[in-house]
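I opened this notebook to record what I looked up, entry by entry. The sequence and structure come before the entries.

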Amino acid sequence: METRVVDHPLAAALLTKMRDERSDNATFRSALRRLTEMLIYEATRDASIEEFHVTTPVAVTKGARLARPPLLVPVLRAGLGMIEPASALIPQSHVGFVGVARDEQTHQPVPYMESLPADLSEVPVYVLDPMLATGGSMVHTIDLLVARGATDVTAVCVVAAPEGVAALERSGHPVRLITATVDEGLNERAFIVPGLGDAGDRQFGPR
Ligand SMILES: O=P(O)(O)OC[C@H]1O[C@H](OP(=O)(O)OP(=O)(O)O)[C@H](O)[C@@H]1O
Ligand SMILES: O=c1cc[nH]c(=O)[nH]1
Ligand SMILES: [Mg+2]
């Protein structure tokens with residue numbers, strides 16, 4: 001599985017803002033929005049394009065657009081904060097939704113919602129979730145996508161744990177990972193260390 005870490009000074013500064021426990025909800029959401037733009041920029045670097053003619057005020061020249069409009073899939077709740085910047089960068093994208101909440105005792109994903117197109121066989125899919133911890137929530141989401149025929153899936157995360165990267169690899173699914181960092185690992189509560197805490201709570205408050 002390909003894992004690409006977006007290693008850029010501006011991304012590192014935004015990640016630091018998100019990690020800082022003093023950042024309030026609004027500051028956290030704002031940094032996530034801007035960092036998501038960078039992650040999506042990298043995630044779409046190899047996307048196929050189609051060329052067409054465009055007329056400038058001076059001449060006709062070659063233009064380009066994405067050959068296949070993608071589906072963006074935020075994993076609720078925390079992925080919601082990544083939707084607006086991702087869809088602003090890819091205005092022709094569609095959006096599907098998956099809701100999963102981790103059980104705090106077992107750390108297993110508990111699905112509560114899905115709203116996805118039936119056929120994803122020709123569709124590049126970008127799954128948006130800031131946190132890849134045990135990987136359970138992401139693997140569940142990709143299970144749903146693969147069951148609908150998806151073969152081109154990119155997980156777009158802010159912080160990944162090595163355990164989550166290994167879980168994605170073990171899943172055998174056709175997925176690649178774009179992340180701003182791969183952190184040290186998980187603690188006894190399956191939180192990422194050093195991480196940034198609970199990405200859902202830090203955007204929206206406790207549930
Ligand atoms: O890799 P995992 O061990 O499955 O953990 C990662 C999941 O945990 C967080 O969601 P959470 O369950 O806290 O729900 P929330 O977004 O509603 O806060 C996060 O946004 C991921 O979806
Ligand atoms: O560190 C973690 C782990 C799971 N979910 C989060 O939001 N943060
Ligand atoms: Mg949470």
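I took contact to mean heavy atoms within 4.5 Å. I noted that this is a predicted model, in which local features need pLDDT of at least 70 and side-chain atom pairs count only at pLDDT 80 or more. Residues are numbered from 1 along each chain as its sequence is written.

Entry on Gln-203. I found Gln-203 in helix α6, residues 199-204; helices are DSSP runs (H or I, at least four residues), numbered from the N terminus, and strands are runs of E with at least two. Leaving aside neighbours within four places in sequence, I listed its contacts as Asn-25, Phe-28, Arg-29, Leu-32, Ala-78, Gly-81 and Pro-130. A polar atom of the Gln-203 side chain lies 3.4 Å from the backbone nitrogen of Gly-81, and the backbone oxygen of Ala-199 lies 3.1 Å from a polar atom of that side chain. Is Gln-203 buried or exposed? I recorded Gln-203 as buried, because its relative accessibility is 1% (buried is under 20% relative accessible area, exposed over 50%, partly exposed in between; 1.4 Å probe, protein chains only).

Entry on the core. I looked up the nonpolar core, a set of buried Ala, Val, Leu, Ile, Met, Phe, Trp, Tyr and Cys residues joined through side-chain atoms within 4.5 Å. The largest has 31 residues, and Leu-35 and Met-18 are among those touching the most other members. Helix α2 (25-43) is one of the elements giving two or more residues; its seven residues are the largest share. I also noted a second, separate core of 25 residues, including Leu-71 and Val-98.

Conventions: Chains lettered and ligands numbered in written order. Heavy atoms only, no water. Polar contact = N/O pair within 3.5 Å; in protein donor to acceptor, adjacent residues only side chain to side chain.
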